[in-house]
Amino acid sequence: MDIVKRFLKYVSYETTSDEFSKTKPSTQSQVVLLKELVEELKELGVDAFYKDGYTYGKVKSDCAKNDTLFLMAHVDTSSDASGKDIKARIVHFTGEDIILNDKKKLSIDEFPLMKYHLNHDLIVTDGTTLLGADDKAGVAIIMDVLEKALKKGGYPNITICFSSDEEIGRGTENIDIDYIKETNGKMYAYTLDGGCIQAFQNETFNAKQAKVEIDGVSIHPSMGKNKLINSQEVFMKFHSLLPLNRPENTEGREGFIHLTNTTGITEHSTSIYILRSFESCELERFENSFYHARDEINKLYNKELVNVFIKDQYRNMYDIIKNNHHVVDLVHEVYKELDINLVDVPIRGGTDGALLSYLGLPCPNLGTGGDNFHGVLEYLDIDEMKMMTNIISKMMEHLK
Ligand SMILES: [Zn+2]
């Protein structure tokens, strides 16, 4: 099947994940596509099955290649925009604004990165839903790579995994890591979940989440003097003691603290923060600032009003990848051969690959040609998507 047809087929499945769900996968609609992919893989001759929210598949090398190429993409889409009844359309991008509907357009003035897609064919939405290039472009690329490799021959061992719930941070929950890691040779593992194919992502944030619980003392305001303690007032004092590194004033390699949610009444308030940094020492400094603020406030009120609970979310995968540099070197080598520009770009976020890296599977992230993820302005560069198929096919030639 042609890769564009494939992609359009996959985006016709609504697969929005749900952060409030307790099941795995978080929505049944993802299972429908995951099982369809099992059938497609079997038709190609891949040994494939569905288990616990994942579609897995393996192909044995047809020649003397012992190394294994592992490829992964996620089927779910973000709940930030609707993923239902997607009306995708192909346009040739000449630099003119692309009108999606009366209110929405894609313009190079607003999105300067579109200059990289000049004279390419793009898939866009009708401006009412997201497109789902994140990450069905990754799924389509993997299927296309497999189809071409199995037809042509001369491939290494290939293991693939289509995952669910990446968008809600549960993309490796219950994953069968032992099945994936099984290999006779070296393992070359990649997620296909990036944007522009010239960007190679082998570094992520270190990430923690802080929950701040604050008790107050509720008394009728008319008789509150020297007795009432409003937990929300206490929270504002607490917040003012934290470092000022915030998403809105940091970029590049700078870390931040971000208040994502706060709810409260006089009696009690709860606030959630995310802490992000490429450097573990900066993250530790952020973390300590929460304990320090807690101690200061509790001292001020002479009461244990503030409690801080901090948990790990994911860690910078580069700390693992730097000791397994073959996964990076192979990509650089192939880009050079194909004369395509490549830049290592740290991700100001996390990937499934960050979690996999710490499960013993160093796993950087390749681009798929998509952009403006998670919204109605999302689009996919068909030429780049096809180029990524060629890049991976070339990578396979190198694995021995
Ligand atoms: Zn994604």
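Which residue in β2 does F49 stand opposite? F49 stands opposite Y56. The model is predicted, with local features requiring pLDDT of at least 70, side-chain atom pairs counting only at pLDDT 80 or more, and totals for chains, interfaces and linings using all residues. Residues are numbered from 1 along each chain as its sequence is written, and side-chain values use heavy atoms, without hydrogens and water.

Strands β1 (residues 47–51) and β2 (residues 54–59) pair in the antiparallel sense over five bridges. Pairing requires at least two bridges found by DSSP. Helices (H or I, at least four residues) and strands (E, at least two) are DSSP runs, numbered from the N terminus. Two residues separate the strands of this hairpin, where D52 takes a positive phi near 50°.

Helix α6 covers residues 280–301. Its 22 residues should span 32 Å at 1.5 Å a residue, and its end C-alpha atoms are 32 Å apart, which agrees. The expected span is 1.5 Å times one less than the number of residues. Buried residues of α6 include L283, F286, F290 and I297. Among the elements that cover the buried residues of α6 are β11 (206–215) and α5 (231–240). Just after α6, N302 has a positive phi of about 55°.

Two loop residues also show positive phi. D165, between β8 (157–163) and α4 (177–181), has a phi of about 65°. D165 counts as buried because its relative accessibility is 0%. N226, between β11 and α5, has a phi near 65°. N226 counts as exposed because its relative accessibility is 77%. Buried means under 20% relative accessible area, exposed over 50%, and partly exposed in between (1.4 Å probe, protein chains only).

Conventions. Contact = heavy atoms within 4.5 Å.
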